[in-house]
Amino acid sequence: MSDTQSGFRAYPLKALPTKFYTTKFEFEIEVIVRTAWNDVPVKNVPIQVLYDPTERVSHFRPVTDFMRISALNTVLVLVLFCYIKPKKLIKQYKSKNLKEFIKEEILSVNDSPRVKALSIALGVFIGLSPFWGFHLALSISLSLVFKLNKVITFAFSNISFAPMIPFVLFASVWVGNKIFPSKAIILNLHDVNFHSIKHNLLQYLIGSFTLATLGAIVFGVVSYLFFDLRARRAK
């Protein structure tokens, strides 16, 4: 927005939130952001304005109001990453069956083969990494940082879905033991539990990051070749 504090606005009242948390100058930020969260487009409209310096009175308090606006921005960013983005992403992910999702969100999107492949690689790396409980937040934040496809990254971060977790844990410890041998190694899937992982934590962490890196490379390279070949055939 070219002027987020402009007071000359038109609001679609039905699309506005029913409750706001600010009442002073920071309200002008809150109403824009939370309306945009409701999928309402926010647009700049050029206008002409003439301020009479002899009559204009500003009630803006440079220190106090700037601090309030900065605090609001911080809160809104946290809410966006921790709630709004995950909520919309999960809703979008669950609204389609697997065939529709692959067709609409992976094959038909306009991203380049490189972006799609990197999104898949990032998702696989996150899904196989030991950051359990943070996969969703990582997939969203890192895809935004690296300007990748959020939906694709999130989808492939679910490579460690519930039935696969014991296999991923076992494979991580097994790979880690090949790199850093341990006498207390897990020998089979039946031995995979919190206690055994705790006693093989170093092997698990080493193997997990190794497995995540190898998985990301394999999935990334294969998917890039696939998308690149598909793009060439479409021309």
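Arg-232 is exposed, with a relative accessible area of 56%. Here, exposed means over 50% relative accessible area, buried means under 20%, and partly exposed is in between (1.4 Å probe, protein chains only). Its partner is Asp-228, and their side chains meet in a salt bridge (2.8 Å, N to O). A salt bridge is a side-chain nitrogen of Lys or Arg within 4 Å of a carboxyl oxygen of Asp or Glu. Asp-228 is buried, at 19% relative accessible area. An α-helix has 3.6 residues a turn, so residues three or four places apart point the same way.

Before going on, some ground rules. Residues are numbered from 1 along each chain as its sequence is written, and side-chain values use heavy atoms, with hydrogens and water left out. This is a predicted model, where local features need pLDDT of at least 70, side-chain atom pairs count only at pLDDT 80 or more, and totals for chains, interfaces and linings use all residues.

How many salt bridges does a search of the whole structure find? It finds three, and here they are:

| Pair | N to O distance |
|---|---|
| Arg-68 and Glu-26 | 2.7 Å |
| Arg-34 and Glu-30 | 2.9 Å |
| Arg-232 and Asp-228 | 2.8 Å |

Arg-68 and Glu-26 form a salt bridge that links distant parts of the chain: Arg-68 is in helix α2 and Glu-26 in the segment before α1, 42 residues apart. Arg-68 is partly exposed at 33% relative accessible area, whereas Glu-26 is buried at 3%. Arg-34 and Glu-30, on the other hand, are four residues apart in helix α1, which means about one helical turn separates them. Arg-34 counts as buried at 15% relative accessibility, and Glu-30 is buried too, at 1%.

Now for the overall build. The protein has nine helices and zero strands; both are DSSP runs numbered from the N terminus, with helices (H or I) of at least four residues and strands (E) of at least two. One of the helices is α7 (residues 165-179), with 15 residues and a reach of 21 Å from its first C-alpha to its last. That is close to the 21 Å expected, where the expected span is 1.5 Å times one less than the number of residues. Among the buried residues of α7 are Val-168, Leu-169 and Val-173.

Of the protein's 235 residues, 33% count as buried. In contacts with a separation of 6 or more, residues 24 or more positions apart account for 66%; a contact means heavy atoms within 4.5 Å.

What about the outside? The protein exposes about 16,000 Å², and carbon and sulfur atoms supply 66% of that; accessible areas come from the Shrake-Rupley method with a 1.4 Å probe, and for residues, only the protein chains shown count as cover. Phe-8, Val-45, Ile-47, Val-49 and Tyr-51 make a nonpolar surface patch of about 590 Å². Patches are made of residues with over 30% relative accessible area and no salt bridge: like charges are joined within 9 Å, and nonpolar side chains (Val, Leu, Ile, Met, Phe, Trp, Tyr) within 5 Å. Ile-47 lies in the loop between α1 (27-37) and α2 (62-94), and is partly exposed at 46% relative accessible area.

Finally, confidence. The mean pLDDT (the predictor's confidence in each residue, from 0 to 100) is 82, and 86% of the residues reach 70 or more. Confidence is highest in helix α4 (residues 113-128), at a mean of 94, and lowest in helix α3 (residues 98-107), at 65. Where pLDDT is low, the predicted coordinates should not be read in detail.
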